[in-house]
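Consider how secondary structure elements are arranged in this structure. The paragraphs below go through a sheet and then a pair of helices.

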Amino acid sequence: MNINADIASTYLFTNKKLTLVAVMGVLLGMSIYIFMNSMLVGFDRTSSESIFKSTAHIRVYKDDILSKPLHQTEGSTSVIINPKVVPASNTIINPNEVVSLIKKNPDVTIVTPQVSATIFYNVGKTQIAGMAIGVIPSEADMMFNIKSTIVEGDFDKMQGNTNAIAIGSGVAEKLSLKINDNINITSSKGVNRNLKVAAIFKTNNSVIDKSKSYINITTAQQLLQENNTYVTDINVNVRDPEKAAKVAPVLTNLTGYKSEGWKEANESLMAAFRMRKIVITFVSYTILIVAGFGIYNILNMTVSQKINDIAILKAMGFKGHDVIRIFLTQALSIGVMGVVSGMIMAAILVTLLKRVYIGGDIGFFPIDYELSKFIQGAIVGMVITFFAGYLPARKAAQVDPVSIFRK
Amino acid sequence: MNILETKNISKYFHDPVEFQVLKNISFTVGKGEFLSMIGKSGSGKSTLLYILSTMDTEYQGQLMIDGQIVTGQSNDQLAAMRNQKIGFVFQFHYLLPEFSCLKNIMIPALKLGKYSTKEIESKAYDKLKLLGLEDQALKPASKLSGGQQQRVAIARALINDPLMIMCDEPTGNLDSKNTAIVFDIFKELTSQLGQTIIAVTHDDEFAKNSDRIIEMKDGEIV
Ligand SMILES: Nc1ncnc2c1ncn2[C@@H]1O[C@H](COP(=O)(O)OP(=O)(O)OP(=O)(O)O)[C@@H](O)[C@H]1O
Ligand SMILES: [Mg+2]
């Protein structure tokens, strides 16, 4: 072993208590950092998962257009203008063309058209207001993973069957409907249809479960008294949901229709997410930095204690960088011990919390072993350790042996 | 052959008041010489010794060691030179208390890295034997008596077979018996191994028996 490392390890092992205190500091900082950041990943994941159950990454639709004044050339007389929404149909013209155009984008994974219709579910004289989403069942399932929420029946039976409907569990309960029962619905255009319940889904979000249903897109078009090219939305999923905001403008340019990323569409929710992220990041870094101060203090103490040793070592030919190495080795050893035990501790905490049942549409506590956060924590921990160790080490290297020998 | 040579070395302290500690010191030390430096307290002996040992670089004039001008060399160069060519003994032993005596002695040699750890260990044992301490080898340095600690410090100064050994009151804390032991060792080193010793001392007996005495007074050699 190199003599510098030898001296460093002797200092570490003869001062077990100090070493232990410093390691404990890093351990706590590290484990809480990893734990909180893993929790953040878990939160974000469940949040976006629950969003993606009913929202596509990108929604392409026809936005309302405001009327524009005629005089727009410079220098022309200004006239009183009163912009209004142009009364145009909100259908996408030639949807099949648009769909195949979008499909050519390499980032896009799924493209599927959708027609939403506000409806009433009728039972005897009572009516329940709700929303029927007209979809191509197989594509909609790929996008929203509908099958994972099915509790009764078979969603596959929806495919190509314009008389089939998949209803939420709340709707089923209120209307006491079972699989293969008939249900009568009325659209806002006054169209009445009898449909057969093919599946019942349960998302654990009671608002959705009590109002939503899936029908075939053609059925929805009929309910709205429109032809089979009537499409209000085209839903698009991309490879990386985080890139949705980048792909959306590309699609806007490509199709000429408004494309909106899921984050844009859920702006207030995203603001809450960002706030959560800021708080957790701030707290976890603060804890790590406090651990860094622990190392800094303890190393400073060691340097003061060992000032005689430093003086004689320098007299005997140890260079400034040798002294730095001695104390930096100590700091980094403390760092490595703290980081490794902190990672183990974080893994234990995650294991414990993973088993806690929360309920609702969340189920178990949304936390998992996030390898990237473990690695990130280790790197940040070591960087902080490095600086916490480097400052006292540099101070030690600058000790003037003569001033010590004179005392 | 001169092992050490100074030309017009002067040094000032600026704090608390401007004060010239050393005034145009010029002298030479030959190889194998046993030199004692005496003088009243405050005459500048330690200050001069720290300059000669290259630890203090803030002075005017020129210092040559082993035929090389060391004035103006970088701290790292000087450190490497000290490691190889100069051994140190102070009034206080400055042993590393957590290390065994043997390890303390080995440290300068491990730093030099010229020999394997095994060879260094056997050399360190030889030095301990020379100072009559072989039975204390594996004790921590903090568990030895003052005289024993001082002898371990001397063994440490010898481990790299330096050209020079610089001592600031090496026997200051020792009784007459231990002083005699240390003196005999120094004598032997100079006469038989050709090593040079420069020792600042307040012990007139010690000085009288050395090869040569330099007396300092108010920053000058008299
Ligand atoms: N860091 C310093 N700043 C200012 N003056 C100093 C400093 N160190 C020493 N001196 C002064 O320099 C002079 C010489 O000091 P030095 O330690 O060399 O004396 P010395 O001959 O070794 O004395 P002693 O025999 O007591 O050890 C003294 O007057 C002392 O007060
Ligand atoms: Mg002195």
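In which sense do strand β3 and strand β8 of chain B pair, and over how many bridges? Strand β3 (residues 34-39) and strand β8 (residues 196-200) of chain B pair in the parallel sense over 4 bridges, where pairing requires that DSSP finds at least two bridges between two strands. B:Leu35 stands opposite B:Ile198 in β8(B). This is a predicted model, in which local features need pLDDT of at least 70, side-chain atom pairs count only at pLDDT 80 or more, and totals for chains, interfaces and linings use all residues. Residues are numbered from 1 along each chain as its sequence is written, and chains are lettered from A in the order in which they are written.

Both strands belong to an open sheet of 6 strands in chain B, ordered β6-β7-β8-β3-β9-β10, with mixed pairing. β6 (86-89) and β10 (220-221) of chain B are at the edges with a single partner strand each, so one side of each has no neighbour in the sheet. Helix α1 (residues 45-52) of chain B packs on the sheet and touches β3, β7 (164-168), β8 and β9 (212-217) of chain B, contact meaning heavy atoms within 4.5 Å. Helix α6 (residues 176-193) of chain B lies across β3, β7 and β8 of chain B. Helices (H or I, at least four residues) and strands (E, at least two) are DSSP runs, numbered from the N terminus.

In chain A, helix α12 (residues 320-354) and helix α13 (residues 371-397) pack with their axes 8 Å apart, at an angle of about 155 degrees. Axes are lines fitted to C-alpha atoms, for helices over the stretch in contact, and angles run from 0 to 180 degrees between N-to-C directions.

Key
Side-chain values use heavy atoms; hydrogens and water are left out.
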